Amino acid sequence: MVGDVNIYMNDLDDSQMAEIEIMIAEPKSRGKGLGKESVLMMMAFAVENLAIRIFCAKIGESNESSLILFKKLGFQEVSCSEIFKEVTLELPITKPKHEELQQLTVPICSENLRS
């Protein structure tokens, strides 16, 4: 195991919001796209199976690689906590983002391989 990705649906006021986090613990596995792929797959699962419509990520302000990853995925900074030294990013699931995530869950079959 090189790390983990988790979602938390802990907003009692909004059942369609989930916090997402990723950790690539194995240093030699970093920088290979595993984090991006894992986050996207978890998001695709959560959108399709749990009706999640907005994701947030709370990232330590010194964790440049995670901040870059989530911003590349389309997350936008919504707040910064000086006390906790963390940045909160959010990504609403728009129709184009939903379609992008759906492409990740299309089953592989001979029909798809011919394209």
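Buried means under 20% relative accessible area and exposed over 50%, with partly exposed in between (1.4 Å probe, protein chains only). The model shown is predicted: local features need pLDDT of at least 70, side-chain atom pairs count only at pLDDT 80 or more, and totals for chains, interfaces and linings use all residues. Residues are numbered from 1 along each chain as its sequence is written, and side-chain values use heavy atoms, with hydrogens and water left out.

**Figure 1. Overview of the protein chain.** Four helices and five strands make up the secondary structure of the protein chain; helices (H or I, at least four residues) and strands (E, at least two) are DSSP runs, numbered from the N terminus. In sequence order the pattern is β-β-α-β-α-β-β-α-α. The C-alpha trace spans about 55 × 40 × 20 Å along its principal axes. The protein chain has 115 residues, of which 30% count as buried. Among contacts (heavy atoms within 4.5 Å) between residues at least 6 apart in sequence, 53% join residues at least 24 apart.

Figure 2. Two strands pair if DSSP finds at least two bridges between them; β2 and β3 are joined by three bridges in the parallel sense.

**Figure 3. The largest nonpolar core.** A nonpolar core is a set of buried Ala, Val, Leu, Ile, Met, Phe, Trp, Tyr and Cys residues joined through side-chain atoms within 4.5 Å. In soluble globular proteins, nonpolar side chains tend to be buried together. The largest core here has 25 residues, and the members that touch the most others are I20, V39, M43, F55, F70 and F75. At least two residues each come from β2, α1 (34-50), β3 (54-60), α2 (64-72) and β5 (86-92). α1 gives the largest share, six residues. Beyond its neighbours within four places in sequence, M43 is in contact with I20, F55, F75, L91, I93 and L101.

Figure 4. M42 belongs to helix α1. With residues up to four places away in sequence set aside, M42 touches V5, N6, I7 and I20. M42 and E61 are 19 residues apart along the chain, and their C-alpha atoms are separated by 23 Å.

Figure 5. E19 sits in β2 (residues 17-24) and stands opposite C56 in β3. A salt bridge is a side-chain nitrogen of Lys or Arg within 4 Å of a carboxyl oxygen of Asp or Glu. E19 is buried but has none; K58, the nearest side chain of opposite charge, is 4.2 Å away. For charge, Lys and Arg count as positive and Asp and Glu as negative, while His and the chain ends are not counted.

**Figure 6. The salt bridge between K97 and E100.** One salt bridge is found in a search of the whole structure. The side chains of K97 and E100 form a salt bridge, with an N to O distance of 3.3 Å. The two residues are about one helical turn apart because they are three residues apart in helix α3 (residues 95-104). K97 is buried at a relative accessible area of 11%, whereas E100 is partly exposed at 38%.

Figure 7. Most residues other than glycine have a negative phi, and most peptide bonds are trans. A51, in the loop between α1 and β3, has a positive phi near 60°. Its relative accessible area is 32%, and A51 is therefore partly exposed. K85 also has a positive phi, about 55°, and is placed in the loop between β4 and β5. With 48% relative accessibility, K85 is partly exposed. T94 lies in the loop between β5 and α3 and is partly exposed, with a relative accessible area of 41%.
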